[in-house]
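Thanks for coming. I have one structure to go through today, so please look at it first and then I will talk.

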Amino acid sequence: MTTKPVFDVEAVRKDFPILNREVQGKPLVYLDNAATSQKPQSVIDKLVSYYSEINANVHRGVHTLSQEATDEYEGARSKVRKLINAKEEAEIIFTRGTTEGINLVAQTLGVQRVGEGDEVIISNMEHHSNVVPWQVLCDQIGAHLRVVPINDDGELLMDEYEKLLSPRTKLVSIVHLSNALGTINPVKDIVAIAHQHDVPVLLDGAQSAPHLPVDVQDLDCDFYAFSGHKLYGPTGIGILYGKRELLESMSVYQTGGEQIKSVTFEKTIYNDLPYKFEAGTPNIAGAIGLGAAVDYINTIGLDRAEAYESELLQYGTEQLQTIEGLKLIGTAQHKSGVLSFLLEGIHPHDIGTVLDTQGIAIRTGHHCTQPLMQRFQIPATARASLAFYNTKAEIDALVEGIHKTFEVFS
Amino acid sequence: MSDLVDLYQEMVLDHNNRPRNFQKLEDASNTADGYNPLCGDQISVYLKVEDGVIADVGFQGVGCAISKSSASMMTQSVKGKTVEEAEALFQDFHAMVTREPGSDYDSSSLGELEVLSGVCAFPNRIKCASLAWHTLTASLNHKQDGPATTE
């Protein structure tokens, strides 16, 4: 019998230079990973080496630099394809981030599929970026947004979801892992049920891609959108995965250079996938940096990271629950990495300020999920969100910081 | 830590726990809603202006200790003042909370409002302290096409 190697968090932390810094004279305790993750040295080095050694435009020149940049850029696409197990690179579209991916689908497939009086289904726990693009689409078309309700633990009511599906349903767009609650939704079931009605499903993977092993073929989702910067990569780069047949049927989103085959004043022939959806010079450095982030994640192993983060979440949940006057928001059975909480009599914004003086970075506010806050009838929460470089000692620092907060307000 | 004590002075916490004039005025002549999109703070300010004088003032809403205590102290400090005096007071208050930490400011008109002087060391809390005042200004100017915001 072989013993599983222990997850060596101290070794992992050495890969992230920012974790060495101090904030307000205290060691940084970074617990805002759901907002953005920190970057390993290998990603930072990759950005530097791209700009200092091979910077050139891609898919253009015959010169060496352009070829090297193109190889790196397309190599990154290939790494992402493997990470989420898409069938082919053509199904991996580089975007600015999750938000752009969702907007792209809403304004192409959405406009084509959804008609007046039709319906788009989302859920009560969506990020604004998976609410507003559909709201805009519905307003344009005269269609309606339908919302899957949740229970007090922050879990989707699947019975209600099934009831919402009807011949009028033309699209379903649901978050895989809630940024505000940490709930992991049963997305495989959600997709299967929608497909029984021939309805395509987009999954918002902004939080899940960095924390859960994802296999888009196994999930059978039609689209999967996520961001590089939450996945230990650079900002300004993201991925939209889509099934080839759907991507091919879709009208173009932005138009211009790169996404065309030929242009005359009479007619333009668009490029093949994935370039059809990549107008203009892309975020080359961002894509290459994301490729380096995927390499890094592979050395860590998302399954090992998930197991470690899950242990950390359990520890954090237990510790926070010992604090009198603290209430956790988001207590789903299947959860990952998010501890959203309220302190009796203290506004989350004040909690954030006190914790910051202790070097602890958390997010306070509505987390871009105002309809979710309305569901719980609260204005905001304080949210600690974990990554695999966090430690139990940092959870202890959070607990101490919370006690400190109570002291300040006593 | 000393910054923290400066920020959350006892009087700030007292106004947070027991906000003054925390009520809707049914006979208000001017009202406005304020909203801070960053943290979700919401406030409604109600004024009864008679002959250019703020005869009565109330507020309601949800917010952090800084925004709530600032609103509470604001209502106390503008009650009985002319509209012009209230607007001038906002200018002095604004100058105090947005100044460079450690620099001087004109405290002659501020009175109790000075307990919020520590806000200047917390740039991301300035909007909390000024939300009520922005909303007051909006209600005086009748610019109520939508909620006043700190953005």
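This is a predicted model: local features need pLDDT of at least 70, side-chain atom pairs count only at pLDDT 80 or more; totals for chains, interfaces and linings use all residues.

Residues are numbered from 1 along each chain as its sequence is written, chains are lettered from A and ligands numbered from 1 in the order in which they are written, and side-chain values use heavy atoms, with hydrogens and water left out.

Now the interface. Contact here means heavy atoms within 4.5 Å. By that rule, chain B brings 21 residues and chain A brings 14 residues. The size of an interface is often given as the accessible area lost when the parts come together. Buried area is that loss for two parts, with a 1.4 Å probe, summed over both. Between chain B and chain A it is about 1,400 Å², and carbon and sulfur atoms give 60% of that.

How many salt bridges are there between chain B and chain A? The count is 1, where a salt bridge is a side-chain nitrogen of Lys or Arg within 4 Å of a carboxyl oxygen of Asp or Glu. The partners are A:D350 and B:R125, with their closest N and O atoms 2.8 Å apart.

On the chain B side, α1 (2-7), α2 (10-17) and α3 (65-78) each supply at least two of the residues that touch chain A. Helices are DSSP runs of H or I with at least four residues, strands are runs of E with at least two, and both are numbered from the N terminus. That side of chain B divides into 15 nonpolar, 4 polar and 2 charged residues. Nonpolar covers Ala, Val, Leu, Ile, Met, Phe, Trp, Tyr, Cys and Pro; charged covers Asp, Glu, Lys and Arg; the others, Gly among them, are polar.

Next, α3(B). Its 14 residues should span 20 Å at 1.5 Å a residue, and its end C-alpha atoms are 20 Å apart, which agrees. The expected span is 1.5 Å times one less than the number of residues. Is α3(B) enclosed or open? Of its 14 residues, 12 are buried, so the helix is largely enclosed by the rest of the structure. Buried means under 20% relative accessible area, exposed means over 50%, and partly exposed is in between, with a 1.4 Å probe and protein chains only. After α3(B) comes B:G80, with a positive phi near 90°.

In chain A, helix α12 (residues 348-357) has 9 of its 10 residues buried, so it too is largely enclosed by the rest of the structure. A:D350, the salt-bridge residue, is among the buried ones. A:G359 follows α12(A), and its phi is positive, near 85°.

Last, some backbone details. Most residues other than glycine have a negative phi, and most peptide bonds are trans. A:N85 has a positive phi of about 55°; it sits in the loop between α3 (64-84) and β4 (92-95) of chain A and is partly exposed at 30% relative accessibility. A:Y232 has a positive phi near 70°, lies in the loop between β9 (223-227) and β10 (238-242) of chain A, and is buried at 0%. A cis peptide bond joins A:L273 and A:P274, with omega about -5°.
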